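Work through these exercises with the structure open beside you. Try each task before reading its solution.

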Number of protein chains: 2
Amino acid sequence: MKILAVDTFDIRFPTSRELDGSDAMNPDPDYSAAYVVLRTDSEFEGHGFTFTIGRGNEVCRAAIDALAPLVIGQDVDDLGEFARRLTHDSQIRWLGPEKGVIHLAAAAVINAAWDLAAKAVRKPVWRFLSEMSPERIVDAVDWRYLSDALTPDEALDILTAAVPGRSARMAEMLRDGFPAYTTSPGWLGYDDEKLTRLAKQAVADGYGQIKLKVGADLDDDIRRFALARAAVGPSIRIAVDANQRWDVDAAITWMKALAPFDPWWIEEPTSPDDILGHADIRRALATAGPGGKRVPVATGEHVANRVIFKQLLRAEAVDFVQLDACRVGGVNENIAILLLAAKFGVPVCPHAGGVGLCELVQHLSIFDYIAVSGDLADRAIEYVDHLHEHFIDPVVIYQGSYLVPRTAGFSAQMRAQSLARYAFPDGEAWQ
Amino acid sequence: MKILAVDTFDIRFPTSRELDGSDAMNPDPDYSAAYVVLRTDSEFEGHGFTFTIGRGNEVCRAAIDALAPLVIGQDVDDLGEFARRLTHDSQIRWLGPEKGVIHLAAAAVINAAWDLAAKAVRKPVWRFLSEMSPERIVDAVDWRYLSDALTPDEALDILTAAVPGRSARMAEMLRDGFPAYTTSPGWLGYDDEKLTRLAKQAVADGYGQIKLKVGADLDDDIRRFALARAAVGPSIRIAVDANQRWDVDAAITWMKALAPFDPWWIEEPTSPDDILGHADIRRALATAGPGGKRVPVATGEHVANRVIFKQLLRAEAVDFVQLDACRVGGVNENIAILLLAAKFGVPVCPHAGGVGLCELVQHLSIFDYIAVSGDLADRAIEYVDHLHEHFIDPVVIYQGSYLVPRTAGFSAQMRAQSLARYAFPDGEAWQ
């Protein structure tokens, strides 16, 4: 099975018209995908994408086009080698290295290759991964820059230790699904009535956790958090998310003011590059919660690569790792991140929402539970009820959990009608 | 003076044909520039570019095109506001934030704006900066994410303390120029004879420092370092540069083997994102040099932004800050980096070479000496004798120093013939 062509698409949804997805740093996102289809000499195609919020999506598409010559003529028998070919090309590496647009583009192509490889063996990606040998999983990782925190041998030990429990956990996942939390009530553009109504609805729908956007105005945040807490009661987890709005000191001050409402975590309190800043914030909030409990720190959706995650863990800067399916170098780099988190004993709660991120990350979390961490404690995948109708295999949520996908591939494929209608700037949605 | 149009160019030089610029991570670079011209309603144009090493240069050009709508119709009266407009656009910020292709593109546009603003007042950029009030310099910086390490008030104190000595240091610069070191002998693709010949030539030309590329093969590195040391003698500084080739432990082992030859610094020993890794390497090499002296650590050319530099300084991870003119967000973010380095007392020795980087960074170092650090100790700007002939105001080196540029602007403007001949893929050089 050889890749013969790489087709790319600039797909944008005009979400800013409804303020869906509005937060303190991103007031008017148009959820978008730089989308790629790997055409082969077989019956199978690989579909993948990276997520952006509008302007500049065409730059990601151009970056995927720049990577295309590296994959045309290749197969996907060795997905470790496939991914390294993209991230090690010396001239293209200069544009990152392993960060920003060129890494977003690599994610789209690498994820498409996993979609293709899983379809060819007629398995969903989570099962394809969960049935792989530990050795083959280790071979998929680019180990450069990791050995001071995690060696391939240590990773092999983690994966081998999980092998005996794989089948029981797989049965459990197929029966119960993977826990979700919902961000739908908490967008900053929603008024108090909508916030309260959606928070109550989330509990009624079976969610044990919701999330609120914060960081634009402290008085507003206090009022909104109080309303949400009153709406859901004391036992539902309420995480808050500042989307990088603060400097270190501001994060500490602001969160001490919100701490009495018992935040489950503070997400993206400052720059995703600021490892030492996150560590300072985490230390300062170690006893800031009700009864002296910790206000935990979470980040990850904008963390550029495994090297930054390695340091966040080494520096004890985070309580939750929020990997993103399309920000780092696709499945391969996310395997490295899952292994690092397992080594350091930190739960992974992936970033999702946007467009298609829920569809992708469910595979990674289910794999994490079955074959890596073997642990569900404090794990939940973000869920946002937007734009799933554009996928041919959309996520299914039942009683606050992701039901396990059964279709072969990465659940990444958009409907042809959606690719046509939301093509930017010529699709009907943009006329 | 309003910006009316933004013209972009994909310019590439086929340098890989001669192995100029070859190192352990970049064996065959084609030095390239994603080049931009800001056309205005005045007699002045702003020229800028970002540097890449070939493939993907078209992606940077596409990113500059994506930024163009943010600057058309704007003026350059407030260069702080101008730069923040580019880096704070919420949709485009998602593509970094402040890193990778979109930040390289922002650098090109921001530097072009400084070229334009300096030309309009008929000063070279170094003088334009060095004659600015401390308040105006502080206003040019984006202070977000810096306050835990450096506040605007502290910066104002640093700049104000330098005011009384400005005119004496300016006279000194105009008389003596700024010290340079040369990387020309040390490319990995050169044979021993060429290395020895060029090292001796560097000393004859008045340089007090040279640099060797290392990291591909330890035995080769030991042989080449020994040859270079024999060629230049004990008093000439020899820095070595691994271009991110190593993991942390490998960097320590390798540098302990090279330490007897008295390296002036080890540059880019590992990932530019690995702040804690650099700190570990620096600690491990604290007494590894001859007579128990330190083997210093340097990095910066691939450091994505001021947040990473802030942490390298906070973590005591580097002995030298090697800012790059086009990797971070242009002059504005480099002012922040110069101020951080001054606060932490670490010398700045900019990365240069490539195409046009020498032309740009000389302005920053001269400004640093005159108006920020006020210190020349251990400072030197990299110099590589490649591709200067394509600029209308090329650097001038005399007795191992950069002579101060006298022409208005940022020395960034390429000759029209070069823009035509090296246009990729249609220019004559690529036929």
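Helices (H or I, at least four residues) and strands (E, at least two) are DSSP runs, numbered from the N terminus. This is a predicted model: local features need pLDDT of at least 70, side-chain atom pairs count only at pLDDT 80 or more, and totals for chains, interfaces and linings use all residues. Residues are numbered from 1 along each chain as its sequence is written, chains are lettered from A and ligands numbered from 1 in the order in which they are written, and side-chain values use heavy atoms, with hydrogens and water left out.

**Exercise 1. Positive phi**

Task: Locate S411(A) and state whether S411(A) is buried or exposed.

Solution. 
- Step 1. Most residues other than glycine have a negative phi, and most peptide bonds are trans.
- Step 2. S411(A) has a positive phi, near 55 degrees, and is not a glycine.
- Step 3. S411(A) sits in the loop between β12 (401-402) and α16 (416-421) of chain A.
- Step 4. Buried means under 20% relative accessible area, exposed over 50%, partly exposed in between (1.4 Å probe, protein chains only). S411(A) has 4% relative accessibility, so S411(A) counts as buried.

Now take E268(A). Its phi is positive, about 45 degrees, and it is not a glycine. The loop between β7 (263-267) and α12 (275-284) of chain A holds E268(A). E268(A) is buried, with a relative accessible area of 1%.

**Exercise 2. A residue in a helix**

Task: What is N111(A) in contact with, leaving aside its neighbours within four places in sequence?

Solution. 
- Step 1. N111(A) is in helix α4 of chain A.
- Step 2. N111(A) is buried, at 2% relative accessible area.
- Step 3. Contact means heavy atoms within 4.5 Å. With those neighbours left aside, N111(A) is in contact with H47(A), A325(A), C326(A), G330(A), V331(A), L360(A) and F410(A).

**Exercise 3. The symmetry**

Task: What rotation superposes chain B on chain A?

Solution. 
- Step 1. Copies are superposed by least squares on the C-alpha atoms of residues with pLDDT of at least 70 in both.
- Step 2. The rotation is 180 degrees, with 0.0 Å of shift along its axis (RMSD 0.0 Å). The two copies are thus related as by a two-fold rotation axis.
- Step 3. In chain B, G100(B) comes closest to the axis, at 2.2 Å (C-alpha). Both copies use the same surface: 100% of the contact residues of chain B recur in chain A.

**Exercise 4. The interface**

Task: How many residues does each chain bring to the contact, and what area is buried between them?

Solution. 
- Step 1. Chain B brings 63 residues and chain A brings 63 residues.
- Step 2. Buried area is the accessible area (1.4 Å probe) that two parts lose on being put together, summed over both. Here the value is about 5400 Å², with 54% from carbon and sulfur atoms. R55(B), Q91(B) and W94(B) supply 17% of the area that chain B buries against chain A, more than any other three residues.
- Step 3. A salt bridge is a side-chain nitrogen of Lys or Arg within 4 Å of a carboxyl oxygen of Asp or Glu. There are 8 salt bridges between chain B and chain A. D274(A) and K310(B) form a salt bridge (2.5 Å, N to O).
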